[in-house]
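Please brief me on this model.

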Amino acid sequence: MKTHLSIVVPVLALLTLGSCRTKQQDEPIKCITFNIRYDNRGDSLNSWETRRDTIAKFINSEHPDIFGLQEVLANQLHDLTACLTSYDYYGVGRDDGAEAGEYAPVFWDRERFAPVDKGVFWLSQYPDSAGFIGWDGACTRIATWVRLRDTRTGDSLCLLNTHLDHVGAEAQINGIDLILGRLEAIAGDGPVIMTGDFNVNDTSEAYRRATSQPDLLVDSYAEAKRKDGVAYTYHDFGRIPEGERQKIDYIFVSPSFDVTQIWIPGEDTTATLMSDHNPVITVLNY
């Protein structure tokens with residue numbers, strides 16, 4: 001959501017003060033996190049083939065500046081990148097550090113951002129080795145990050161995207177602790193945006209750990225000046241009763257960001273559902 005402001009100022013003030021533009025007025029960042037559901041042949045009417053064009057159309061229509069996806073297999077990544085022509089991306093398959101297994105890729109609008117550095121690490125006791133399952137987890141889990149330079153302002157920011165384990169509480173907590181421990185070195189002095197499917201609600205210990213350092217990260221949903229849409233993300237292709245659906249996907253941000261808006265589009269039951277999750281979309285000023 002771009003905002004264009006016209007500011008009329010006296011000529012004398014312009015001569016004295018120079019430009020009165022501010023990043024908070026002119027350079028918002030739209031960010032999305034979205035678990036797109038892996039390509040599972042057992043999904044029948046919700047198969048990837050029926051959903052891929054809808055997802056690509058949604059992303060292109062929203063045109064975020066940056067976004068993180070979860071549960072992306074290599075064939076899905078290839079399908080999406082063929083359609084999302086405004087974006088560059090980085091990510092690797094979590095099973096081998098190449099193309100095997102799910103990716104948690106990060107994307108950026110190449111006209112808005114330029115990559116400065118990038119990397120991955122695994123949420124396990126061996127974070128720099130591919131394929132290990134951490135602690136009491138059920139699956140291999142990965143974190144993908146990129147440090148970007150904003151070509152409009154010259155400032156840098158770090159985008160980190162991840163997908164916590166869906167079974168192991170110890171793996172969830174230790175995964176968050178590992179991420180927080182690495183963020184300072186990864187991000188440097190720049191602000192951080194962390195997207196992901198965290199597989200926990202906001203009453204969990206893992207969520208408490210993620211927000212336990214408010215000088216580092218805060219929950220953009222909790223901080224947003226305006227909230228729209230539904231209050232949940234996971235609905236299992238509409239099979240979970242609405243009153244039991246939970247918000248388990250988050251965008252955590254540095255406290256220096258001003259979260260102007262966040263919304264979770266509800267699933268359109270009259271059309272092909274994009275995923276078993278709803279995306280989360282936020283607009284940030286910094």
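An open, mixed sheet of 6 strands runs in the order β5-β6-β7-β8-β11-β9. Its edge strands are β5 (113–122) and β9 (218–219), each pairing on one side only. The model is predicted: local features need pLDDT of at least 70, side-chain atom pairs count only at pLDDT 80 or more, and totals for chains, interfaces and linings use all residues. Residues are numbered from 1 along each chain as its sequence is written, and side-chain values use heavy atoms, with hydrogens and water left out.

**Sheet**
- Strands are DSSP runs of E with at least two residues, and helices are runs of H or I with at least four; both are numbered from the N terminus.
- Two strands pair if DSSP finds at least two bridges between them.
- Strands of a sheet pair through backbone hydrogen bonds, either parallel or antiparallel.
- β6 (residues 142–150) and β7 (residues 156–163) are antiparallel partners, joined over 7 bridges.
- One of the bridge pairings links R149 to S156 in β7.

**Helix α5**
- Helix α5 covers residues 169–187, 19 residues in total.
- The expected span is 1.5 Å times one less than the number of residues.
- For α5 that gives 27 Å, and the end C-alpha atoms are 27 Å apart, so the two agree.
- α5 bends by about 25 degrees at G181. The bend is the angle between axes fitted to the seven residues ending at a residue and the seven starting there.
- Buried means under 20% relative accessible area, exposed over 50%, and partly exposed in between (1.4 Å probe, protein chains only).
- The buried residues of α5 include A171, I173, I176, L180 and L183.
- Cover for the buried residues of α5 includes β5, β6, β7, β8 (192–197) and α6 (205–210).
- Just after α5, G188 has a positive phi of about 65 degrees.

**Cysteines**
- A disulfide is a pair of cysteine sulfur atoms within 2.5 Å. The count by this rule is 0.
- C83 is partly exposed because its relative accessibility is 36%.
- C139 is also partly exposed, at 23%.

**Q246**
- Q246 sits in the loop between β10 (227–229) and β11 (249–253).
- Its relative accessibility is 37%, so Q246 counts as partly exposed.
- Contact means heavy atoms within 4.5 Å. Leaving aside residues up to four places away in sequence, Q246 touches N201, Y232, T233 and Y234.
- Q246 and Y103 lie 143 residues apart along the chain, and their C-alpha atoms are separated by 23 Å.
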